[in-house]
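Hi there,

Here is the structure I promised to pass on to you. Have a look at it first, and then read on for what turned up in it.

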Amino acid sequence: MSVEVEEPHPGVVVVALAKPERRNALNPETRERLHATIASADARGDVAAIVITGRGGHFCAGGDAASLATLDERSVVTLLRSTHAMMRTLLGTRAMTIAAVDGWAAGGGAGLALACDHVVMAPDARIGLQFHRIGLVPDCALLYTLPRRVGPARAASIALSPRAIGAAEAVALGAADEVADGVSALPTALRRAIAATEVPTAVRERTRAILRGASHSLEAVLAAESEAQSRCVAEPAFRAGIDAFLAKSSRGGAHAGDTDAPSGDRR
């Protein structure tokens, strides 16, 4: 199974990406399964918190390179249509959402983490938004969530930076909320989730509804993502970047230290 579900405490659901051999990279099937799992958990009246994490020491390496290599101007819009449906669900949950980030949260994985209400990072975890390495703009609602966390100027700096951001810096910037007090982010995230179960359901839901009503630009950002990505995949930079990565990967030479992006992914 590419997505696993656990309920370690009443009112808490843990949703884990479970493709450690690919550093939990997202292909269309995994996206659909993840979306359905989050939606199913949130539809339950007894779930106060949903924790999203990854197996094997990494959160999520973003889009699966093999899937990205097949994109063209039409298929990228189809891919983003399903991705946007997932992001709308995640950003609109009644339950509190908590990301437990170990290892890499790269590209779309960073988007998945930053869409959560609370981001816990392991001390050695990293966030990377190097979409530009394959000629793409950030998606997975990052141009909506990131500025709201760190401000527009810092968001631009992070989104266009060739380097990843470590846990301490991410917290200092506001991109994440806390550094875990152990080697893994999950125990700290679970404590936050259990605390969320103490908040009355009506209070939580109404508070979230009011906070969300303060901004109405998500749809504009998601529409802009589709337009921008459909143009980007038609550019030589995308094809050259993804072909170079796949060639390097086939030789066994694609490693995080080589490009500051995780193996199996370039987003």
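What is the order of the strands in the open sheet of 3 strands, and what is its pairing? The order is E5-E7-E8, and the pairing is mixed. Before we go further, please keep in mind that this is a predicted model.

If you want to find the spot on your screen, look for isoleucine 127, whose bridge partner in E8 is isoleucine 165.

Glycine 166 also lies in strand E8. Is it buried or partly exposed? Glycine 166 has a relative accessible area of 26%, so it counts as partly exposed. Between glycine 166 and isoleucine 127 there are 6.6 Å in space, C-alpha to C-alpha, although they are 39 residues apart in sequence. If you leave aside the neighbours within four places in sequence, glycine 166 is in contact with Met121, Ala125 and Arg126.

**The sheet of 6 strands**

There is also an open sheet made of 6 strands, in the order E1-E2-E3-E4-E6-E9 and with mixed pairing. Here the edge strands are E1 (3–9) and E9 (178–179), and each of them pairs on one side only. As a reminder from class, strands of a sheet pair through backbone hydrogen bonds, either parallel or antiparallel.

Strand E2 (residues 12–17) runs parallel to E3, and 6 bridges join the two. Two places to check are valine 13, whose bridge partner in E3 is isoleucine 50, and valine 15, which stands opposite isoleucine 52 in E3.

E3 itself covers residues 49–54 and is mostly covered, with 6 of its 6 residues buried. In a regular strand the side chains alternate between the two faces of the sheet. Which residues of E3 point which way? Ala49, Val51 and Thr53 point one way, while Ile50, Ile52 and Gly54 point the other way, and all are buried.

The next step takes us to E4, which runs parallel to E3 and is joined to it by 4 bridges. Alanine 49 has methionine 96 as its bridge partner in E4. Strand E4 (residues 96–101) has 5 of its 6 residues buried, so it is largely enclosed by the rest of the structure. From E4, 4 bridges lead on to strand E6 (residues 118–121), again with the two running parallel. There, histidine 118 of E6 is the bridge partner of isoleucine 98.

**A pair of helices**

Two packed helices are described by the angle between their axes and the distance between the axes. For helix H3 (residues 73–91) and helix H10 (residues 218–232), the angle is about 155° and the axes are 9 Å apart. H3 and H10 are therefore roughly antiparallel to each other, and H3 passes H10 in a right-handed crossing.

Which residues make the contact? H3 brings Glu73, Val76, Val77, Leu80, His84, Arg88 and Leu91, and H10 brings Leu218, Glu219, Leu222, Glu225, Ser226, Gln229 and Ser230. The residues of this contact divide into 6 nonpolar, 4 polar and 4 charged.

Enjoy exploring it!

Best wishes

Technical notes. Residues numbered from 1 in each chain as written. Predicted model: local features only at pLDDT ≥ 70, side-chain atom pairs only at ≥ 80, totals over all residues. Heavy atoms only, no water. Axes fitted to C-alpha atoms, helices over the stretch in contact; angles between N-to-C directions. Parallel < 35°, antiparallel > 145°, perpendicular 65-115°, else oblique. Left-handed = near helix turned anticlockwise from the far one by under 90°. Contact = heavy atoms within 4.5 Å. Nonpolar A, V, L, I, M, F, W, Y, C, P; charged D, E, K, R; others polar. Buried < 20%, exposed > 50% of the residue type's maximum accessible area, 1.4 Å probe, protein only. Pairing = 2+ DSSP bridges.
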